[in-house]
Amino acid sequence: MSSEALDAATRAMRAEGVSDVAIRVFSEFHEQLQADATGTIPESTVEPLREVPRIDDEPPGEDAVREALAATVVVKLNGGLGTSMGVQGPKSALEVREGRSFLDVIVDQVLALRARYDTRTPLILMNSFRTREVSLDLLARHPGIAVDGLPLDFLQSQEPKLRADTLAPVLWPADPELEWCPPGHGDVYVALWDTGLLARLRDRGYRYLFLSNADNLGATCDGAIPAWMAEHGVPYLAEVCRRTVNDRKGGHLVVRRLDGRLVLRDNAMVEPGDEDAFQDVERHPYFHTNNLWIEVDALHRRLAERDGTLGLPIIVNRKTVDPTDPSSTPVVQVESAMGAAVELFEGARAVEVDRSRFRPVKTTNELLLVRSDIYRLTDEGLVESTTGRPEPFVDLARPYAMLEGFEKRFPRGVPSMRACTSLRVEGDVTFGADVVCVGDVVVTGAHDTVPDGARLEGAV
């Protein structure tokens, strides 16, 4: 049964034009699934990451920064659809605030960087088959963003979702597109190799890749980081931040006892029974931002040794074929994380960065924050704090979880959050204009309206 399931999957991939290298990676993962691989990392096999340097403690000079930026390429992972928020189309096309989408903000950041340092640092998106057309249309509105001779994007692969019971490709006639998925952001390395883009960048003299998620508005291209890498001979660098209780379920780096290498452990890689240790922010004080810096030559060498693959650890993601319908067919998506490559590079390092470099928008809770007055969006695309203190905790009820419901319930803007420490909305209410939240606020009620100008404190 298992070999028949794999044969059916690879036939489907070839019919869709998936490359031989990508099929080989998928096949290796499928065989691991057949062997009941879980991809977990037991707590007993690792030590916490404790001592992490800060570049601010020994900042490179301005000339070194300029030289490094001239040799750096910004790669944004742009394959996400934001289905968890009910976003239609690319998540990066969603308006963040003031009429600007994620992609608009990213372009502003790169153009400002070029102007400041007089460089032509390229911006290249890794798109999925579902995000490419709309994303390129958005970039076309910014004619100055392209760099001569380089594409604005490259396409990641696709793979079939597998039935959880048979590991054969799932069939979903109601929407055949849902039968397919991207293979996780670890596919970025295969796609860079397979498209020939990595060799092209190497031939043009680029030395560093900066990889980050398109929905992390704090992930700007900081030239001090590749300059520091050049000074210290670091081939791979991961940005980490201090954890708070709100980060307890996020992935983090640990030190493998077997060989002392840094290893990424995501939430899906936690061994059953290790959840408390994984979420202990005192034991594991840093979380992984998924902002990565890689030396082009080091990556090229590693991929060449394995004929275009890295051999990243498997991540087993269990979902339903229609992510919006929990009653639809249970499926397995085999994925890999790009941050897992940290264990493959001799001399890989982590560096602690300020929290301002991690401002993702994964849920409508975070969308409310980034649209609120605790941040301002500069002309250069920087999302700056207006308070200098930690973000308020936000927990919106189910009616606000999807973008349509969120927009409907905040028709005239989100509340002022500058004086707020937490906001829990447990009911289903519509907020008027110029609402102010103060301290710890809990809002209940059903189909009520918070009046314009209301000041909310405590239980409302």
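Let me begin with helix H5, residues 132-139, in which Ser-135, Leu-138 and Leu-139 are buried. Buried here means under 20% relative accessible area, exposed over 50%, and partly exposed in between, with a 1.4 Å probe and protein chains only. Helices (H or I, at least four residues) and strands (E, at least two) are DSSP runs, numbered from the N terminus. As a reminder, an α-helix has 3.6 residues a turn, so residues three or four places apart point the same way. The buried residues of H5 pack against strand E2 (72-78), strand E4 (100-101), helix H4 (102-117) and strand E5 (123-127).

A word on the source. This is a predicted model, in which local features need pLDDT of at least 70 and side-chain atom pairs count only at pLDDT 80 or more, while totals for chains, interfaces and linings use all residues. Residues are numbered from 1 along each chain as its sequence is written, and side-chain values use heavy atoms, with hydrogens and water left out.

I turn now to the sheet. Three strands form an open sheet in the order E1-E12-E13, with antiparallel pairing; two strands pair if DSSP finds at least two bridges between them. Strand E1 (46-48) and strand E13 (262-265) stand at the edges, each with a single partner strand, so one side of each is left without a neighbour in the sheet. Strand E12, residues 252-256, pairs with E13 in the antiparallel sense over 4 bridges, and Val-254 stands opposite Val-263 in E13.

Next, Leu-403, which lies in helix H12 (residues 403-409). With a relative accessibility of 15%, Leu-403 counts as buried. Contact means heavy atoms within 4.5 Å. Leaving aside neighbours within four places in sequence, Leu-403 is in contact with Met-85, Val-87, Leu-94, Thr-364 and Leu-367. Between Leu-403 and Leu-367 there are 36 residues of separation in sequence and 9.3 Å in space, C-alpha to C-alpha.

Finally, the cysteines. How many disulfides does a search of the whole structure find? The search finds 0, a disulfide being a pair of cysteine sulfur atoms within 2.5 Å. For Cys-221, which is in no disulfide, the nearest cysteine sulfur is that of Cys-241, 17 Å away. Cys-221 is buried, with a relative accessible area of 12%. Cys-437 is likewise in no disulfide, and the nearest cysteine sulfur, that of Cys-420, is 5.0 Å away. Cys-437 counts as buried at 0% relative accessibility.
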